[in-house]
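Subject: Structure handover

Hello,

Here is the structure I promised you. Please open it alongside this email, and my notes follow below.

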Amino acid sequence: MGAPLVMEILTERAHFMRESLNKNRTITDGMVSILGSFDHRLSALETAMRPTQVRTHAIRKAHENIDKTLKAAEVILAQFDISRQVEAKIIKGPREDLESYLAAVDQLRNNVEFFSSNKSFKSSDGVLTNANNLLAKAMLKLEEEFKQLLSTYSKVVEPERLFECLPNSLRPSSGSPSNQGDPNGRKISPMSHHEQIAKGTEGSTYTVPTFIPPRIIPQLHDLVRRMVEAGHEQQCLKIYRDTRASVLEQSLRKLGVEKLTKDDVQKMQWEVLEGKIGNWIHFMRIAVKLLFAGERKVCDQIFEDLDPLGNQCFAEVTMSSVIMLLSFGEAIAKSKRSPEKLFVLLDMYETMRELLPEIEVIFGGKASAEMREAALSLTKRLAQTAQDTFGDFEEAVEKDATKTSILDGTVHPLTSYVINYVKFLFDYQSTLKQLFQENGNGGSSNSQLAVATKRIMSALQTNLDGKSKQYKDPALTHLFIMNNIHYMVRSVRRSEAKDLLGDEWVQIHRRIVQQHANHYRRNAWGKILQCLTVQGLSSSGSGGLSTDGGTSSSVSRALLKESSKMNTLMFIL
């Protein structure tokens, strides 16, 4: 009984579980059906709402587009408003308020850029054309203002103002009757050319003048910048060049600078030419250290940050003035060489060498390369001409054929001239050594100068040997050589030439003097002895005593006394 009961219980429970599962399945199917119904309804709802969403998005986009359009319209209207505002200022011109006018030009340029980049706007072409036309008018007015302002404040620099900028040692004296070049009656300098150059290099201070008032410089700079930004560089260059170049040339002409050719130089008397060379040396220093330096300063300030236009303007402003100055130096360097020109050539060469470093700085940049090269070329040409003239002097001394007769055998004028010339050369020792160093063929400049000086002395001695043969009396021949060589030795011993030529040269030529002195005494006394011998024979032939009571003996004694006196006098000479 127990087993059937358990089975019945298990069967009931299985049946209950089956019914429970069936109920759960039914519930599940119901839920699935309900959820499916919800999904269908949501899809239908989404489908129903989609047009509304699209319309809402379209409305939002429309609002955004309207906002953008309004903002663009505001910008465009603002540009139109700017055009109207600046047009009135542009038409009025910059004379009364330059700063406001320049601001209007800047606004107009921005206006042009705006309409150039917004050509899709319906009326942009017309507006752009009007703005460009207005900008062109503005640029013309800026050019006129730049020209007027630059011309008003670009004044010719008076010589007195330039002289005030010189060191005290180089300032000219007033009212001197010895003036040779200044048109206003001033002597350029009471010093020699060589002293001027020495003073000019002794740490002297030059004060660069101010050509345009500092308060005007910013205005000119602003005008130039606007013209460059608008593409008007060439118009700016022309206005600046024409104005400043004319002022610079007039300043130089007032100073006394002339444009002279080689033919003009060749026709001048030496005294006149020497004065003009002295003035040129002074003018070159004033031009480079004051006028050109001042012009560079002005140009750098007006064209600040606007290179290479600034360098181009400076080069074109100074070109004709530089040519005018250097052409005179070229004319001198190319003119016929002569001994007296050597010293002025050395002066000019020293001046150019002194100024070359400053020329390199002032005329820096590609645009000024031609002027730098011209200055360097002149310096080299002056050096070469000076060296050639130095060589010519040696040849001229050796070949001198003057017929000046020195009856008593004293010092010949050629000897005095050459010795003074050589002594004067020693004022230019450093310059001559520089020449030999630059153009020499090895060896120290000091030794080359010594060799050259010895050659001149040797050429003089050779010429004197030739001149001594003009004497028929051998005694006078030796006296002439003795006196002239003695003069050479004495002059060398008393000058700086002794250090250069050396003690050996002095001793050799003292021996030469002594040799000719011995020859002179031998020849002079030989004549006296010959005269005495002839007189003695004459006395012997008449029996020992003359019939006039000793008159012949008295004559012989008088002749001996006079000959001895003349011999002593000539030896002293």
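A disulfide here means a pair of cysteine sulfur atoms within 2.5 Å. By that rule the count is zero disulfides. Please keep in mind that this is a predicted model.

**Cysteines**

Which cysteine sulfur is closest to that of cysteine 236? It belongs to cysteine 313. The two sulfurs are 5.5 Å apart, and the cut-off is 2.5 Å, so they are too far apart for a bond. Cysteine 313 is accordingly in no disulfide. Cysteine 236 is buried, at 0% relative accessibility. Cysteine 313 is buried too, with a relative accessible area of 0%.

**The core**

The largest nonpolar core holds 144 residues. Phe146, Tyr240 and Phe303 touch the most other members. Which helix gives the most to this core? That is H9, with 16 residues.

Phenylalanine 303 also brings us back to the cysteines. Not counting residues up to four places away in sequence, phenylalanine 303 touches Val224, Cys236, Tyr240, Leu309, Gly310 and Cys313. Both cysteines discussed above are on that list.

Helix H7 spans residues 233-255. It has 23 residues. From first C-alpha to last it reaches 33 Å, close to the 33 Å expected at 1.5 Å a residue. Its buried residues include Cys236, Tyr240, Thr243, Arg244, Val247, Leu248, Ser251 and Leu255. An α-helix has 3.6 residues a turn, so residues three or four places apart point the same way.

Lysine 238 is also in helix H7. Is it buried or partly exposed? Lysine 238 counts as partly exposed, at 46% relative accessibility. Lysine 238 and lysine 147 are 91 residues apart in sequence, but their C-alpha atoms are 9.8 Å apart in space.

Histidine 232 is in the loop between helix H6 (217-229) and helix H7. Histidine 232 is buried, with a relative accessible area of 16%. Leaving out residues up to four places away in sequence, histidine 232 touches Met139, Glu143 and Met227.

**Helix H2**

Helix H2 covers residues 98-116, which is 19 residues. It reaches 27 Å from its first C-alpha to its last, close to the 27 Å expected. Its buried residues include Leu98, Tyr101, Leu102, Val105, Leu108, Asn111, Val112 and Phe115.

**Aromatic pairs**

How many aromatic pairs are there? The count comes to 13. Tryptophan 280 and phenylalanine 328 form one that is tilted, at 6.2 Å centre to centre and 40° between the planes. Tryptophan 280 lies in helix H9 (residues 270-302) and phenylalanine 328 in helix H10 (residues 309-334), so this pair ties together parts that are 48 residues apart in sequence. Tryptophan 280 is buried, with a relative accessible area of 4%. Phenylalanine 328 is buried at 3%.

Phenylalanine 343 and tyrosine 428 make another pair. Their ring centres are 5.7 Å apart and their planes are at 40°, so this pair is tilted. Phenylalanine 343 lies in helix H11 (residues 341-362), while tyrosine 428 is in the loop between helix H13 (413-425) and helix H14 (429-439), so the pair ties together parts that are 85 residues apart in sequence. Both residues are buried. They also belong to a cluster: ring pairs link Phe343, Phe393, Tyr417, Tyr421, Phe424 and Tyr428.

Arginine 296 lies over the face of phenylalanine 314, at 4.1 Å from the ring centre.

**The loop between H9 and H10**

Two backbone features sit in this loop. Aspartate 305 is there. Aspartate 305 has a positive phi of about 65° although it is not a glycine. It is exposed, with a relative accessible area of 72%. Proline 308 is in the loop between H9 and H10 as well. A cis peptide bond joins aspartate 307 and proline 308, with omega at about 5°.

Best wishes

How values were computed:
Residues are numbered from 1 along each chain as its sequence is written. This is a predicted model: local features need pLDDT of at least 70, side-chain atom pairs count only at pLDDT 80 or more; totals for chains, interfaces and linings use all residues. Side-chain values use heavy atoms; hydrogens and water are left out. Helices (H or I, at least four residues) and strands (E, at least two) are DSSP runs, numbered from the N terminus. Buried means under 20% relative accessible area, exposed over 50%, partly exposed in between (1.4 Å probe, protein chains only). Contact means heavy atoms within 4.5 Å. The expected span of a helix is 1.5 Å times one less than its number of residues. Rings of Phe, Tyr and Trp (its six-membered ring) pair if their centres lie within 6.5 Å; planes under 30 degrees apart count as stacked, over 60 as edge-to-face and the rest as tilted. A charge sits over a ring if NZ of Lys or CZ of Arg is within 6 Å of the ring centre and within 35 degrees of the ring normal. A nonpolar core is a set of buried Ala, Val, Leu, Ile, Met, Phe, Trp, Tyr and Cys residues joined through side-chain atoms within 4.5 Å.
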